[in-house]
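Biologist: Hello! Could you walk me through this model, one question at a time?

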Amino acid sequence: MEEGESLVELQGGLSDSDPAGALAYTPFPIEGSPSPGTDMTVQIDKFPSVFAADVDPRLASVLAVSQRPLAAQAFSEKAPKAAWSTKPS
């Protein structure tokens, strides 16, 4: 990711991809803000086929119900620096 680029820009607008179409959105309150935030998780029934197709079905089920949400804002925030340009890989 380049400096000033967001994850949405990096993905190039792949909103019709399987992972994007499998997301569930849940609002959460933000203290001091009139607008809620939005958490994203992968729909439990779609998780195995989208993220764990080659995993034992029992394990995929556990992974699906134990996932942690990601704030939707993480996709639109701009990167303050391009770490790849200064970190060895």
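Modeller: Gladly, and let us begin with the surface. The accessible surface of the chain, from the Shrake-Rupley method with a 1.4 Å probe, comes to about 6700 Å². Of this surface, the share that belongs to carbon and sulfur atoms is 58%.

Biologist: What should I know about the model itself?

Modeller: This is a predicted model, in which local features need pLDDT of at least 70 and side-chain atom pairs count only at pLDDT 80 or more, while totals for chains, interfaces and linings use all residues. Residues are numbered from 1 along each chain as its sequence is written, and side-chain values use heavy atoms, with hydrogens and water left out.

Biologist: In what order do the elements of the chain run from the N terminus on?

Modeller: Helices (H or I, at least four residues) and strands (E, at least two) are DSSP runs, numbered from the N terminus. The chain has four helices and three strands. Their order is α-α-β-β-α-α-β.

Biologist: What radius of gyration does the chain have?

Modeller: This radius is taken over C-alpha atoms, and the globule rule is 2.2 Å times the number of residues to the power 0.38. For a compact globule of 89 residues, the radius would be near 12 Å. The chain itself has 16 Å.

Biologist: Which residues form the largest nonpolar core?

Modeller: Buried means under 20% relative accessible area, exposed over 50%, and partly exposed in between (1.4 Å probe, protein chains only). Buried residues make up 15% of the 89 residues in the chain. A nonpolar core is a set of buried Ala, Val, Leu, Ile, Met, Phe, Trp, Tyr and Cys residues joined through side-chain atoms within 4.5 Å. The largest one has six residues: A22, V42, F47, A52, A60 and A64.

Biologist: Leaving aside neighbours within four places in sequence, which residues is I44 in contact with?

Modeller: I44 has its place in the loop between strand 2 and helix 3. Contact means heavy atoms within 4.5 Å. With neighbours within four places in sequence left aside, the partners of I44 are A64 and V65.

Biologist: Is K46 buried or partly exposed?

Modeller: K46 lies in the loop between strand 2 (37–42) and helix 3 (47–51). Not counting residues up to four places away in sequence, K46 touches G21 and A22. Its relative accessibility is 32%, so K46 counts as partly exposed.

Biologist: How far apart in space are S66 and I44, C-alpha to C-alpha?

Modeller: S66 is in helix 4 (residues 57–66). At 45% relative accessibility, S66 counts as partly exposed. S66 and I44 are 22 residues apart in sequence, and their C-alpha atoms are separated in space by 9.5 Å.
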